[in-house]
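Okay everyone, thanks for coming. Let me put the structure up on the screen, and then I'll walk you through a few spots.

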Amino acid sequence: MPSPKTSPHCPFEKKFPSSLLRNDEFFMWHAYNLSLEAWKKDEIPVGAVIEHEGHIIASACNQVESLRDPTAHAEILAITQAAEALQDWRLNGCTLYVTKEPCPMCAGAIIMSRISRCVFAIRDDKQGCLGGALSLHTHGGFFTRPVVTAGVLERECLEVFQTFFRLKRTTANFPQEHNTFTQE
């Protein structure tokens, strides 16, 4: 019987931003904290929150491994929660904050759910689809186009991401094909 996968110890602490200034950094710190939760569950450390009218209405971290579901990305789970919270699949006026640039699946869900704005920390030149490898949000055929802001808390989120993969490479139970993020 194979040994259970274990996540390397997470050396990062959660951050507690002041709620007096609800700006991009405030919401991204919440996504950052969720990325640490993903790490502790042995998931790729990505966290996402959705803000509407100054309040967080949805929050999630990656759960691909724990749910054994390739669609259980933080963004998808948060979008589902936000639709439930607003009782509408149209998320006009919402902003998604995520620690890594969304992949093709997540970028498509952002566009189709009509999220007004997406803010992410780390650009992904290999699989990112909101300015990294592709720019789906600028395609002329889509009904809506979210405004995209990149680089909010990039240094902090990149440090978490790179440390996770660096530590994972030192364990025998981490397949090399998962190690696709090398932005150093």
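Let's start with a quick one: which residue in E2 stands opposite His-52? It's His-55. And before I go further, keep in mind that this is a predicted model.

So, the sheet. There are five strands, and they form an open sheet that runs E2-E1-E3-E4-E5, with mixed pairing. At the edges you've got E2, residues 55–61, and E5, and each of those pairs on one side only. Going from one strand to the next, the twist averages 15°. E1 and E2 are an antiparallel pair, with six bridges between them.

Now the helices that sit against it. H3, residues 74–86, packs on the sheet and touches E1, E2 and E3. The direction of H3 makes about 145° with that of E2. H5 packs on the sheet too, touching E3 and E4, and its direction makes about 60° with that of E4.

On to the charges. How many salt bridges does a search of the whole structure find? Five, and I'll show you some of them.

Take Lys-168 and Asp-42, whose side chains meet at 2.5 Å, N to O. Lys-168 lies in helix H5 and Asp-42 in the loop between H1 and E1, so this pair ties together parts that are 126 residues apart in sequence. Are these two buried or exposed? Lys-168 counts as buried because its relative accessibility is 3%, and Asp-42 counts as buried as well, at 10%.

Next, Asp-124 with Lys-100: there the closest N and O atoms are 2.9 Å apart. Asp-124 is in the loop between E4 and E5, while Lys-100 is in strand E3, so here the parts tied together are 24 residues apart in sequence. Both Asp-124 and Lys-100 are buried.

Then there's Arg-90 with Asp-88, where the closest N and O atoms are 3.2 Å apart. Arg-90 is partly exposed, at 35% relative accessible area, and Asp-88 counts as partly exposed too, at 29%.

Last stop, His-9. Where does it sit? It's in the segment before helix H1, which covers 24–40. His-9 is exposed, because its relative accessible area is 66%, over the 50% cut-off. Leaving out residues up to four places away in sequence, His-9 touches Trp-39 and Leu-167. And from His-9 to Lys-40 you go 31 residues along the sequence, but 7.6 Å in space, C-alpha to C-alpha.

That's my tour, thanks.

Definitions and conventions
Residues are numbered from 1 along each chain as its sequence is written. This is a predicted model: local features need pLDDT of at least 70, side-chain atom pairs count only at pLDDT 80 or more; totals for chains, interfaces and linings use all residues. Side-chain values use heavy atoms; hydrogens and water are left out. Helices (H or I, at least four residues) and strands (E, at least two) are DSSP runs, numbered from the N terminus. Buried means under 20% relative accessible area, exposed over 50%, partly exposed in between (1.4 Å probe, protein chains only). Contact means heavy atoms within 4.5 Å. A salt bridge is a side-chain nitrogen of Lys or Arg within 4 Å of a carboxyl oxygen of Asp or Glu. Two strands pair if DSSP finds at least two bridges between them. Axes are lines fitted to C-alpha atoms, for helices over the stretch in contact, and angles run from 0 to 180 degrees between N-to-C directions.
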